[in-house]
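I opened a notebook page for this structure and wrote down what I looked up, entry by entry.

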Amino acid sequence: MANLEHPLKAEVEAVRQIILNTDSRITEGIKWNAPGFYYKADMTVFMLRATEHVHLVWPSGMGIDDSTGLLEGDYPDGRRMSYFTDMDDVNAKKASLETVVRQ
């Protein structure tokens, strides 16, 4: 994170902190040159190629019971996505992100 050059770096850090503070059993590592999060297996990872939003990939997202609408897409490999456009969007989606992380 110290070396991250991204126009939404503050938003990335905010999302990162929400995930890490939701459950102390979540661990963090690096995947795809970005922070990734683990609980028993891959949970979610940032995809930081896009610069117009913060993008999370949930490799097993189809298995998450998401009643919040945070997870998007219906990919054959089971992944789903989440997007955050700015700090207001991060704050608006905080509770949904916490709910999905707990799932």
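Entry on terms. Before listing polar contacts I noted what counts as one: a pair of N or O atoms within 3.5 Å, where one must be able to donate a hydrogen and the other to accept it. I also kept in mind that the model is predicted.

Entry on Arg16. I looked up Arg16 and found it in helix 1, which runs over 9–22. Its side chain makes a polar contact of 2.9 Å with the side chain of Glu13. Is Arg16 buried or exposed? Arg16 counts as buried, because its relative accessibility is 16% and the cut-off for buried is under 20%. Leaving aside neighbours within four places in sequence, I listed Met1, Glu28, Pro35, Phe37 and Phe46 as the contacts of Arg16.

Entry on Val12. I stayed in helix 1 and looked up Val12. Val12 has a relative accessible area of 0%, so I wrote it down as buried. Which residues does Val12 contact, apart from its neighbours within four places in sequence? They are Met1, Leu4, Phe46, Leu48 and Val54. I also checked Val12 against Phe84: 72 residues separate them in sequence, and their C-alpha atoms are 8.8 Å apart in space.

Entry on the nonpolar core. In soluble globular proteins, nonpolar side chains tend to be buried together. I looked for such a group here and found that the largest nonpolar core has 23 residues. Those that touch the most other members are Val15, Ile19, Phe46, Leu56, Trp58, Phe84 and Leu97. Helix 1, strand 2, strand 3, strand 4 and helix 2 each supply at least two residues of this core.

Entry on Phe46. I took Phe46 from that list and looked up its contacts. With neighbours within four places in sequence set aside, Phe46 is in contact with Val12, Val15, Arg16, Trp32, Ala34, Pro35, Phe37, Val54, His55 and Leu56.

Entry on Thr44. I found Thr44 in strand 3, which spans 41–46. Thr44 is buried, because its relative accessible area is 3%. A polar atom of the Thr44 side chain lies 2.9 Å from the backbone oxygen of Val57. Not counting residues up to four places away in sequence, Thr44 touches Ile19, Gly36, Phe37, Leu56, Val57, Trp58 and Pro59. Between Thr44 and Lys31 I noted 13 residues in sequence and 9.8 Å in space, C-alpha to C-alpha.

Entry on the cavity. Rolling a probe the size of a water molecule over the atoms shows where empty space is left. How many cavities of 30 Å³ or more does the structure hold? I recorded one. The largest cavity has about 30 Å³ of space. Its lining consists of Lys31, Gly36, Phe37, Tyr38, Asp42, Met43, Thr44, Val45 and Pro59. Strand 2 (34–39) and strand 3 each supply at least two residues of this lining, and strand 3 gives the largest share, four residues. By class, I wrote down five nonpolar, two polar and two charged residues for the lining of the largest cavity.

Entry on the largest pocket. I noted about 340 Å³ of space in the largest pocket. Which of its 16 lining residues are closest to its centre? They are Tyr39, Met43, Ile64, Val101 and Gln103. Strand 3 and helix 2 (87–102) each supply at least two residues of the pocket lining. This lining divides into eight nonpolar, four polar and four charged residues.

Entry on His53. I located His53 in the loop between strand 3 and strand 4 (54–58). His53 counts as buried, because its relative accessibility is 15%. The side chains of His53 and Glu52 are joined by a polar contact of 3.4 Å. Beyond residues up to four places away in sequence, His53 touches His6, Leu8, Tyr83, Phe84 and Thr85.

Entry on positive phi. I noted Trp32, which is not a glycine but has a positive phi of about 60°. Trp32 lies in the loop between strand 1 (27–31) and strand 2, and its relative accessible area of 46% makes it partly exposed. Lys40, also not a glycine, has a positive phi of about 70°. I found Lys40 in the loop between strand 2 and strand 3. Lys40 is exposed, because its relative accessible area is 79%.

Note on methods
Residues numbered from 1 in each chain as written. Predicted model: local features only at pLDDT ≥ 70, side-chain atom pairs only at ≥ 80, totals over all residues. Heavy atoms only, no water. 1 Å grid on protein atoms, 1.4 Å probe; cavity = no way out; pocket = protein on both sides within 12 Å on 5 of 7 lines; lining within 4 Å. Points joined across faces, edges and corners; volume = space filled by probe spheres on them. Nonpolar A, V, L, I, M, F, W, Y, C, P; charged D, E, K, R; others polar. Buried < 20%, exposed > 50% of the residue type's maximum accessible area, 1.4 Å probe, protein only. Contact = heavy atoms within 4.5 Å. Core = buried A, V, L, I, M, F, W, Y, C linked by side-chain atoms within 4.5 Å.
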